[in-house]
Amino acid sequence: MALIGRFNSLQVVKHTDFGLYLDGGPDGEILLPKRYVPKDEPCEIGDWLNVFVYLDSEDRIIATTQTPKVQVGGFASLKVVEISHVGLFLDWGLPKDLFLPHSEEKRPLQVGDYCVVHVYLDARTRRITATARLDRYLDKTPPNYTPGQAVELLVVERTDLGFKAIVNGKHWGLIHKNELFKFLRPGMQESGYIREVRADGKISLSLQPIGKVAADSLGEQILAKLREAGGSLALSDKSPPEVISRLFGVSKGNFKKAIGALYKQGLIVILDERIELR
């Protein structure tokens with residue numbers, strides 16, 4: 001059976017003037033319209049093609065070689081392109097927009113707004129559907145992340161404590177205010193790091209590496225930049241955080257710790273408006 005809302009490897013069973021038919025098992029033959037047939041791959045009867053399977057505007061199963069912005073089971077930030085009395089329609093990169101029922105909105109949305117959604121297959125209609133109510137689709141079991149572990153983050157919303165983010169498409173995590181050293185907004189995808197997994201299972205996140213290895217790595221980066229610049233950089237512990245972030249991708253606090261360690265090792269001199277190799 002072809003998995004609706006996902007990529008499938010399906011076998012070519014028939015050629016027609018308007019496309020190829022692929023073997024969908026119990027779902028019968030699935031049309032791959034001519035405009036999506038690959039021109040640089042074998043497409044003879046018996047060949048296998050990797051295609052995305054979904055329902056067209058008449059709820060018929062159809063295949064495409066286009067890549068949507070999200071598959072069933074995933075999370076993504078998508079743009080609202082139309083609103084009707086039954087729900088909203090989101091741009092997910094395919095000709096038929098993705099449906100978000102009004103009952104699955106978490107807050108009122110307007111055309112042009114972006115919304116982080118989870119995509120699921122409606123059990124009754126087999127239609128690919130979006131929801132902004134994310135909690136029930138995230139893993140509630142205790143996570144087994146370790147401090148310092150690199151993870152992928154999808155920023156979802158701002159809170160009084162910082163930004164909530166989905167960790168590796170599975171768990172809620174929080175980027176605390178004191179970990180913010182650059183601009184963030186809901187929908188951004190960021191590389192991050194596990195700062196702590198608390199006893200209650202809540203996850204604290206960092207946008208920069210943590211621990212001694214990270215500090216040593218930053219120190220080496222600073223020394224390398226100094227050598228490239230001829231021994232002097234117009235940065236110091238008084239420099240604006242955004243300038244430091246732009247050059248090294250770290251917070252001002254971590255930068256100050258790193259140059260402090262280099263100073264104690266006798267490797268650099270810290271002046272009011274610059275640092276220099278000793």
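Strand β14 (residues 189-197) is joined to β15 by 4 bridges, and the two strands run antiparallel. Here strands (E, at least two residues) and helices (H or I, at least four) are DSSP runs, numbered from the N terminus, and two strands pair if DSSP finds at least two bridges between them. The model is predicted, so local features need pLDDT of at least 70 and side-chain atom pairs count only at pLDDT 80 or more, while totals for chains, interfaces and linings use all residues. Residues are numbered from 1 along each chain as its sequence is written, and side-chain values use heavy atoms, with hydrogens and water left out.

Buried here means under 20% relative accessible area, exposed means over 50%, and partly exposed lies in between (1.4 Å probe, protein chains only).

Strands of a sheet pair through backbone hydrogen bonds, either parallel or antiparallel. In this chain, 5 strands close into a barrel in the order β11-β12-β13-β15-β14, with mixed pairing. From one strand to the next the twist averages 55°; the axes are lines fitted to C-alpha atoms (for helices over the stretch in contact), and angles run from 0 to 180 degrees between N-to-C directions. Strands β12 and β13, by contrast, run antiparallel and are joined by 6 bridges. Phenylalanine 163 stands opposite isoleucine 175 in β13.

Two loop residues deserve a look for their backbone angles. Asparagine 168, in the loop between β12 (162-167) and β13 (171-176), has a positive phi of about 50° although it is not a glycine. Its relative accessible area is 34%, so asparagine 168 is partly exposed. Arginine 126 lies in the loop between β9 (114-121) and β10 (128-131), and its phi is near 65°, again a positive value in a residue other than glycine. Arginine 126 counts as partly exposed because its relative accessibility is 30%.

For anyone thinking about cysteines, the count comes to 0 disulfides, a disulfide being a pair of cysteine sulfur atoms within 2.5 Å. Cysteine 43 is buried, with a relative accessible area of 9%, and cysteine 115 is buried at 8% relative accessibility.

Turning to the protein chain as a whole, there are 3 helices and 18 strands. The radius of gyration is 25 Å, whereas a compact globule of 278 residues would have one near 19 Å; this value is taken over C-alpha atoms, and the globule rule is 2.2 Å times the number of residues to the power 0.38. Along the principal axes, the C-alpha atoms fill a box of roughly 75 × 45 × 35 Å. Buried residues make up 40% of the 278 residues. Among contacts (heavy atoms within 4.5 Å) between residues at least 6 apart in sequence, 53% join residues at least 24 apart.
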